[in-house]
Amino acid sequence: MKLGQAFKMAFKSISNNKGRAFLTMLGIIIGVASVMAIVSVLMGQNKLTMQLYEAQGTNKVSVYAYLNNGTSVFDDLYDYCLYLNSLGLAEGVTPNANLWDVTVTYGAKNSSTMEQAPQIYLGSDQYSIVNNFQIEQGRDISKIDLDEYNNVCVMGAVAARNFFDLTSPVGQQIRINGIPFTVIGTYVEKMANNVNNSYIDNVIVLPYTAARALGQGGSNSISDFYVKASSGKTVNEVVTRLTGFLTGICGDPNDWNNNKGYFSAYSEQQWIDQDNQAATAMSLVLGGIAAISLIVGGIGIMNIMLVTVTERTKEIGIRRAIGAERKSIVAQFLIEAGMICGIGGIIGAILGTMLTLLGGKFILKFTEPLWPPVPIALGALVFSVALGIIFGMYPAIKASGLQPVEALRAE
């Protein structure tokens, strides 16, 4: 029997039992759709997490340091990071501090009445470098602003829209807890494609020396900092050098007799690696759970093919009596099982794509369509066809092993 003829016979058999064939496909459809949707949405979530890390700045080293005498370590840390910059190891350093319980006003607009109030951060002249911001209008905070305690600020794109709509805020004055601050610039929007993460752009950055004017304890109270390494390759060296430098200023943090201060310095890359590992593990677990329905669907295929063998026993006997080889009988039933799973896989892939698009829009809040990765879709389709062949093997072998005389006597 020719291969084309086997496909025609398989298609005819499926067409003659549409309802039964669809119910048989249902497990495959649900399995392929669920695997595609779950894995694709989880990959989209992981992609979003990585975008958040990139938006906030990569290759960062978190530093926590203070002195027991109440003075700040930042001036010394700032100068040391300039030295690391000259060696090509670091790009910048900034305090990592934000202000709480503050009210921002401009005209009749008040942050306390907004659905999402802006976050107020204290930064150095290198804040935008460390946190991956770019200036869109105006200028950035400068060293002069820090040294002269200038009441200036730079606004994120969302914060600028909330207060000024489409008008340029550069040169305008806002009030923070009643203290006037001149807007000197705005940042380029980083998370325009995801409404769930607009908080990254809903920021107002002040020179860290402005903490004194706002009655927030002054710059000496800041103990959290970010240092940005020049690349992923230099992060570990930067951590090592910072540890040595801060040990000289704050003392050994592991020495119980140390009364100078305390510090810690660690790379944020470990959090990124942990998130990647967690996302991979979650994808494997949930994808495996969803794949169980594919196995159940495969068992359904085996069951229905055994029923088909019973129904077509006489037909098989006739074919065997006129000289059909066992391998042609096996091929016919395997093709039929593979075709059922293939059609179910295609329907499942279409349904999985629709579920992925809905998940991206309503769960992840993507403004752009979230499409399933092509390898995931192709893998699910190939796996579904492979299941049909695997679970169809036993019925096919059983059909090919029927004795012609016994098969011809079957009714």
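Student: Where is Tyr149 placed?
Tutor: Tyr149 sits in the loop between helix 5 (143-147) and strand 8 (152-155). Helices here are DSSP runs of H or I with at least four residues, strands are runs of E with at least two, and both are numbered from the N terminus. The model is predicted, so local features need pLDDT of at least 70 and side-chain atom pairs pLDDT 80 or more, while totals for chains, interfaces and linings use all residues. Residues count from 1 along each chain as its sequence is written, and side-chain values use heavy atoms, without hydrogens or water.

Student: Why is Tyr149 called partly exposed?
Tutor: Its relative accessible area is 43%. Buried means under 20%, exposed over 50%, and partly exposed in between, using a 1.4 Å probe and protein chains only. So Tyr149 is partly exposed.

Student: Is Asp101 buried or exposed, and how do you know?
Tutor: The relative accessible area of Asp101 is 79%, so Asp101 counts as exposed.

Student: And what makes Ile129 partly exposed?
Tutor: Ile129 has a relative accessible area of 38%, so it is partly exposed. This residue lies in helix 4 (residues 127-130). Ile129 and Gly92 are 37 residues apart in sequence, yet 6.5 Å apart in space, C-alpha to C-alpha.

Student: How many aromatic pairs does a search of the whole structure find?
Tutor: Twelve. Among them is Phe74 with Tyr78.

Student: Why is the pair of Phe74 and Tyr78 called edge-to-face?
Tutor: The centres are 5.9 Å apart, with 65° between the planes. Rings of Phe, Tyr and Trp (its six-membered ring) pair if their centres lie within 6.5 Å; planes under 30 degrees apart are stacked, over 60 edge-to-face, the rest tilted. Both tests are passed, so Phe74 and Tyr78 are an edge-to-face pair.

Student: Where do Phe74 and Tyr78 lie?
Tutor: Both are in helix 3 (residues 74-86), four residues apart, about one turn of the helix. Phe74 has a relative accessible area of 2%, so it is buried. Tyr78, at 10%, counts as buried.

Student: What makes the pair of Tyr80 and Phe245 stacked?
Tutor: The planes are 5° apart, and the centres 4.1 Å apart. The pair links distant parts of the chain: Tyr80 is in helix 3 and Phe245 in helix 7 (residues 235-250), 165 residues apart. Tyr80 and Phe245 are both buried.

Student: Which residues do ring pairs link into a cluster?
Tutor: Phe74, Tyr78, Tyr208 and Phe225.

Student: How do you know that Lys143 lies over the face of Tyr78?
Tutor: A charge sits over a ring if NZ of Lys or CZ of Arg is within 6 Å of the ring centre and within 35 degrees of the ring normal. Lys143 meets this, at 5.4 Å from the ring centre of Tyr78. Lys190 lies over the face of Phe133, at 3.6 Å.

Student: Why is helix 10 called roughly antiparallel to helix 11?
Tutor: The axes of helix 10 (residues 326-362) and helix 11 (residues 374-400) cross at roughly 150° and come within 7 Å. Axes are lines fitted to C-alpha atoms, for helices over the stretch in contact, and angles run from 0 to 180 degrees between N-to-C directions. Under 35 degrees is roughly parallel, over 145 roughly antiparallel, 65 to 115 roughly perpendicular, the rest oblique. So helix 10 is roughly antiparallel to helix 11.

Student: What about helix 8 and helix 11: parallel or antiparallel?
Tutor: The axes of helix 8 (residues 269-311) and helix 11 come within 8 Å and cross at roughly 30°. That makes helix 8 roughly parallel to helix 11.
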